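This briefing is meant for a reader meeting the structure for the first time. Please look over the sequence and the model before turning to the notes.

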Amino acid sequence: MARISHLALAACLGLAASSLRADAFTVARCAPSTRIRPLRLSSATAEGQPSSLKRLPESAVELTLRIPSSATSAAYDKTLSEVSKKVSIPGFRKGARIPPQVIENAWSKQGGRKALRTMAINELVGELMGPALKDEHELEPIGQPSLVTPAEQLADGFVPGEELEVTVRCDVWPEIQWKAVEGKEKSYLGLTGKYKRKPFNQERFDQALRDLKERYVKLEAYEDGSHSLAMGDACTVNMVGYMATADGEKGEPLPDAASGDNVEVVLGSGLYMEGLVEGLEGGTVGDTETVKVRFPAALKNKDLAGKDAIFDVTILSASKRTLPEITDEFANQVRPGLTADSLRDELRKAVDSQDAQEYMGVRNEALGMALSEIMDVDVPDTLVTNQAREKYALMMADMRNSGMADEEIKKLISPENFVKFKDIEKPDIVRDFKISMAVDEIARLENIQVPSYQVEEQMQSLKDQAAKEGTATDDMEDDKMRRKVENTLERRMVYDFLADAADLEVEYVEEEEFDEALLEKLAAESLAREQTEEGEGEQLQEEVVVTPPTAQVAAVEEKVEEAAGPASANSMEEDLELTTKVIMNHINSGDVDEGVVDDDE
């Protein structure tokens with residue numbers, strides 16, 4: 001059974017590793033006392049029994065700790081020692097050893113003995129839970145653990161120096177398995193699915209095939225010197241060029257670069273400047289033809305671009321051109337081992353690579369859906385909740401960017417709404433989690449690694465693009481950027497690996513033609529409606545006009561500015577950050593936690 005990497009989970013759900021390992025309890029950790037050694041599971045359980053574990057759905061566990069008497073006594077002594085540093089007790093100098101009863105009385109405003117024992121229980125569980133999960137059960141805790149019986153309730157029966165049994169509920173890093181697929185050693189090979197894309201460009205393929213055949217064309221000189229040149233033939237010529245005058249006569253000689261000796265010309269349409277091939281057609285070896293041409297308008301030499309010229313062309317030789325047929329023998333000549341079919345397949349893939357890149361996303365989506373169906377993993381509620389919170393924040397940010405007031409957004413933020421949103425989004429979150437874990441696991445199993453030079457090239461490309469757009473690159477963290485780039489390239493390599501072995505059904509769909517006339521009609525109708533609405537609004541405003549005092553208007557505007565800030569100056573990131581803060585303040589408040597986070601309660 002494979003274990004999921006921490007980095008993959010963080011990349012999948014955008015969770016910081018520190019937040020996933022937050023302490024389970026709200027009591028702040030104190031530094032270990034110099035007189036009391038830190039609690040460790042090995043010493044704490046030496047006298048007791050190993051912990052017991054109960055598996056729960058959605059990668060949750062209940063861990064029962066049996067804490068020996070020595071550990072409960074040490075934990076309470078440590079708590080007293082730390083508290084004694086925070087209180088001032090008359091008659092005792094700072095750092096002196098103070099009797100427990102005196103400290104308990106001095107702590108009475110904070111809850112006295114019960115509060116201290118609650119702190120000791122939290123300290124015990126915080127110290128012992130992690131090592132018990134890792135060392136005894138080889139599990140990694142995530143999220144916010146919670147005591148099944150609250151620490152405040154346990155404190156009523158807690159006696160330092162006596163054994164204590166506590167049960168902690170916690171989400172753990174999930175373990176994944178591949179579902180068995182009959183006839184497959186690796187269930188992720190040979191995935192099936194379906195996606196849509198535009199049709200294969202047959203015209204481009206035919207042209208590429210012709211270009212390949214042209215590279216292997218055979219020339220055979222005509223023995224008959226009287227052979228008249230025809231389309232498809234080749235000839236060798238000497239060319240002397242002149243600029244054409246306004247009346248179509250020879251003018252100034254062309255530069256040497258525009259003329260030449262022993263120039264090979266293939267008689268084919270669209271290969272050279274307009275008029276050259278047509279002027280040579282029908283000529284024979286030894287003839288000197290006067291050919292009128294026009295240079296292409298897109299010629300780099302602007303002095304010649306689009307200009308008319310006249311060439312004296314002497315035909316030196318003529319040859320028959322024979323293009324090869326696409327056979328196994330020809331394919332093997334192109335590259336040993338190729339067949340006619342495999343050559344066509346490779347050429348088809350190469351020609352289609354540009355169009356296929358455009359539809360890479362929908363292809364990968366089809367592969368991802370297939371992966372999620374063969375990935376067997378329980379997704380912890382902690383991860384679902386955190387991802388749902390991020391999606392919830394993004395949704396609220398979109399509403400704010402669409403013009404909704406912050407006060408209206410706040411009304412939508414409630415425990416009930418969040419629970420409903422989480423339930424709706426949960427299937428997608430779970431599916432995306434499975435896909436991300438599957439891709440990460442395949443990269444590990446197949447040893448798919450991104451070459452370092454590709455990472456460096458991509459990073460440099462990103463920096464160059466940022467510099468071109470005028471974005472500062474000094475604050476770009478190379479390590480952080482490298483991890484993102486490497487992760488992105490690795491995922492792309494995994495999807496390509498899966499696609500090569502997959503059996504995907506592709507539905508080719510013709511792109512809809514753009515109807516410009518329809519768009520203009522819709523735009524005209526929309527403009528007419530706006531003008532009608534504006535006219536009705538002006539008429540209504542003339543009938544009922546309420547003008548508040550200037551001072552009152554200024555006060556309202558000031559309040560809005562204080563609440564929303566300079567919205568027009570906010571970037572997308574600033575808007576999202578502001579909205580997220582509002583949402584998180586509501587969701588993370590105590591009354592909301594009961595309804596949102598702890599579903600059991």
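This is a predicted model: local features need pLDDT of at least 70, side-chain atom pairs count only at pLDDT 80 or more; totals for chains, interfaces and linings use all residues.

Residues are numbered from 1 along each chain as its sequence is written, and side-chain values use heavy atoms, with hydrogens and water left out.

**Confidence**

- The protein chain has an average pLDDT of 78, and 76% of the residues score at least 70, where pLDDT is the predictor's confidence in each residue, from 0 to 100.
- Among the elements of the protein chain, the highest mean pLDDT, 94, belongs to strand S9 (residues 234-244), and the lowest, 30, to helix H2 (residues 17-20); helices (H or I, at least four residues) and strands (E, at least two) are DSSP runs, numbered from the N terminus.
- The pLDDT is below 50 over residues 537-576, a stretch that has 17 contacts in the model beyond near neighbours in sequence, contact meaning heavy atoms within 4.5 Å.
- Over residues 589-601 the pLDDT is also below 50, and this stretch has 20 contacts beyond near neighbours in sequence.

**Helices H4 and H6**

- Helix H4 (residues 69-84) packs with helix H6 (residues 112-137) at an angle of about 120°, their axes being 9 Å apart; axes are lines fitted to C-alpha atoms, for helices over the stretch in contact, and angles run from 0 to 180 degrees between N-to-C directions.
- H4 and H6 are therefore oblique to each other, since angles under 35 degrees count as roughly parallel, over 145 as roughly antiparallel, 65 to 115 as roughly perpendicular and the rest as oblique.
- The crossing of H4 and H6 is right-handed, a crossing being left-handed if the near helix is turned anticlockwise from the far one by less than a right angle, and right-handed if clockwise.
- Residues making the contact include Ala71, Ala75 and Val83 of H4, together with Leu116, Ala120 and Leu124 of H6.
- By class, the contact of H4 with H6 has nine nonpolar, two polar and five charged residues, where Ala, Val, Leu, Ile, Met, Phe, Trp, Tyr, Cys and Pro count as nonpolar, Asp, Glu, Lys and Arg as charged, and the others, Gly among them, as polar.

**Helices H8 and H11**

- Helix H8 (residues 202-215) and helix H11 (residues 340-358) pack with axes 10 Å apart, at an angle of about 130°, and are therefore oblique to each other.
- H8 passes H11 in a right-handed crossing, and the residues that meet there include Phe205 and Leu209 in H8 and Leu347 and Val351 in H11.
- The contact of H8 with H11 has seven nonpolar, two polar and four charged residues.

**Helices H16 and H17**

- The axes of helix H16 (residues 452-468) and helix H17 (residues 478-501) cross at roughly 115° and come within 9 Å, in a right-handed crossing.
- Among the residues that meet are Val455, Met459 and Leu462 in H16 and Met481, Val485 and Leu489 in H17.

**Helix H13 and Gly190**

- Helix H13 (residues 381-401) is followed by Gly403, whose phi is positive, near 110°.
- Gly190 lies in the loop between strand S6 (175-178) and strand S7 (192-197).
- Although Gly190 and Ala499 are 309 residues apart in sequence, they are 8.4 Å apart in space, C-alpha to C-alpha.
- Leaving aside its neighbours within four places in sequence, Gly190 is in contact with Lys184, Ala501, Ala502 and Asp503.
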